[in-house]
Amino acid sequence: HPVSAYLAADLGRSAHAMVSRFLRPLLVGVAFFDLYMPARWTTYPLFAVSILLAVLVSFGLRYAVNATAFWLLDIRGVQLTWSLAAGVLSGLYFPLRFLPGWLSTALWVGTPFPSILQTPLDVLVERESAVRLSGLVALQAGWAIIALAAAGLVQRAAERRMVIQGG
């Protein structure tokens, strides 16, 4: 299935990025600076799960966004909107904790974007209690399921559109 094939490639890409763009700079940072190391041993496996879920959420949403090319003549607007929304609402441009509590909670529960970046970062720095961080990762798992389901639905709709148009 196309979604599974692209997901496998994306998981490989992200694993390579973890080695080349995360571990190497982290090792250099440890050599020259004092870095915060999580105090609870449970943070490490929870962080690994959170990173995997973040990749799944990101993939599902990017797949659905890019699949709009089946219906639109020019998807640059959709991709630009995605880039802006993902950057602002995931915590890339500023930490979501800077927002008022009600808005931060609404973003976390109502959108998948914090699951892409802010949740793994909060898990790594142990921003909350272990129970609350586990809840954030569970929410992230829910968004991963929704995003992958959306990717599959969009793919099926695109396949039907291609068949109807003779593609």
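Modeller: Happy to! Let's start with a term: buried means under 20% relative accessible area, exposed means over 50%, and partly exposed is in between (1.4 Å probe, protein chains only). By that scale Glu126 is buried, at 12% relative accessibility. Its partner in a salt bridge (a side-chain nitrogen of Lys or Arg within 4 Å of a carboxyl oxygen of Asp or Glu) is Arg40, with the closest N and O atoms 3.8 Å apart. Arg40 lies in the loop between helix H1 (2-32) and helix H2 (43-66), and Glu126 in the loop between helix H5 (118-124) and helix H6 (130-164), so the pair ties together parts that are 86 residues apart in sequence. Helices here are DSSP runs of H or I with at least four residues, numbered from the N terminus. Arg40 itself is partly exposed, at 29%.

A word on the source: this is a predicted model, where local features need pLDDT of at least 70 and side-chain atom pairs count only at pLDDT 80 or more, while totals for chains, interfaces and linings use all residues. Residues are numbered from 1 along each chain as its sequence is written, and side-chain values use heavy atoms, leaving out hydrogens and water.

Now to the other pairs. Arg76 meets Asp74 with the closest N and O atoms 2.7 Å apart; Arg76 is exposed at 58%, whereas Asp74 is partly exposed at 42%. Arg132, partly exposed at 49%, bridges to Glu128 at 3.6 Å, N to O. Those two also belong to a salt-bridge network with Arg97 and Asp122. Across the whole structure, the search finds 7 salt bridges.

How values were computed: Helices (H or I, at least four residues) and strands (E, at least two) are DSSP runs, numbered from the N terminus.
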